[in-house]
Amino acid sequence: LIGDPIAIEVLGLAGFDFVIIDMEHGSHSFSEGTNLIRASESVGVVPLVRPPGVDESSILRALDSGAHGLMVPNINSLSQVEDLINFSFYPPIGNRGHSPFTRSGLFEYSNCKERMDELNDIIFLGILIEGPGGINSLKKIVDKFYEYLDVIYIGLYDLAKTLGCPGDLKNPKVLNSIKNIIEICNINGISVGILVNDDEMYEFAINSGIKFICYQNDTGILYEAAKKITSKYKK
């Protein structure tokens with residue numbers, strides 16, 4: 001959520017493997033997002049972008065800016081994933097708009113076909129399941145599109161809200177829903193991702209076979225670190 005590239009440089013130098021540049025809840029412009037992608041690449045961190053939704057223009061601009069992949073929120077139907085794949089991949093898989101004169105196109109036109117094929121091969125594509133629509137459609141989604149999806153990410157805060165226990169990520173209803181999603185994804189070999197806030201949630205994720213783990217977010221990490229300081233030293 002922090003728009004300054006220094007935040008990503010700090011996280012990368014601290015050993016984080018990837019960052020999700022949040023353009024759904026964050027206030028980043030695409031110009032700022034591009035600088036965050038550059039900062040990620042400078043410290044060996046994989047930059048993924050979370051667009052506002054399955055929106056063709058936002059997806060195109062995020063990918064053309066050089067994002068290595070997408071984490072797309074609020075997936076509720078098979079048709080949304082069909083649109084997402086169409087917007088994210090070049091032919092023959094999808095119909096992503098093409099300009100070679102972008103960061104993703106390496107700013108030159110002499111090897112368009114080769115670069116388009118390469119980008120189709122290396123794109124990381126994740127979707128967020130956050131409510132009953134996504135859960136009910138999940139089996140159909142993974143059965144049809146498992147070869148194009150790298151991770152099914154569970155939006156825990158929205159899921160908890162939907163299940164009637166807002167903010168209670170450890171509620172049995174939330175944990176049981178996570179386990180059901182994992183079971184569906186395991187059939188087709190798709191990784192599952194969640195956010196963790198503490199050691200207990202991390203252990204749950206590891207013991208459940210979850211491989212894509214996000215720890216809080218930059219604002220949460222900053223707040224916790226600052227709160228420890230003020231709680232200890234401020235009298």
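In this predicted model, helix 1 and helix 2 cross in a right-handed sense. From helix 1, Pro 5, Ile 8 and Glu 9 take part in the contact, and they meet Asn 35, Leu 36, Ala 39, Ser 40 and Ser 42 of helix 2. By class, this contact comprises 4 nonpolar, 3 polar and 1 charged residues.

The table lists the spaces found in the structure.

| Space | Volume | Lining by class |
|---|---|---|
| Largest pocket | about 850 Å³ | 23 nonpolar, 7 polar and 6 charged residues |
| Second largest pocket | about 240 Å³ | 6 nonpolar, 3 polar and 4 charged residues |
| Largest cavity | about 60 Å³ | 5 nonpolar, 4 polar and 2 charged residues |

The largest pocket is lined by 36 residues, and Ile 20, Leu 195, Cys 214, Gln 216 and Asn 217 lie nearest its centre. Several elements each supply at least two residues of this lining, among them helix 1, strand 5 (151-154), helix 7 (156-162) and helix 10 (218-233). Strand 1 provides the largest share, 5 residues.

The second largest pocket has a volume of about 240 Å³. Its lining consists of 13 residues, with Gly 66, Ala 67, His 68, Arg 115 and Leu 119 closest to the centre. Helix 5 (residues 112-122) gives the largest share of that lining, 3 residues.

A search of the whole structure finds 1 cavity of 30 Å³ or more. Residues lining the largest cavity include Tyr 90, His 98, Glu 108, Cys 112, Arg 115, Met 116 and Leu 119.

Notes:
Residues are numbered from 1 along each chain as its sequence is written. This is a predicted model: local features need pLDDT of at least 70, side-chain atom pairs count only at pLDDT 80 or more; totals for chains, interfaces and linings use all residues. Side-chain values use heavy atoms; hydrogens and water are left out. A crossing is left-handed if the near helix is turned anticlockwise from the far one by less than a right angle, and right-handed if clockwise. Helices (H or I, at least four residues) and strands (E, at least two) are DSSP runs, numbered from the N terminus. Contact means heavy atoms within 4.5 Å. Ala, Val, Leu, Ile, Met, Phe, Trp, Tyr, Cys and Pro count as nonpolar, Asp, Glu, Lys and Arg as charged, and the others, Gly among them, as polar. On a 1 Å grid over the protein atoms alone, a cavity is a set of points where a 1.4 Å probe fits but cannot get out, and a pocket is an open set with protein on both sides within 12 Å along at least five of seven lines; lining residues have an atom within 4 Å of a point. Grid points are joined across faces, edges and corners, and a volume is the space filled by probe spheres set on the points.
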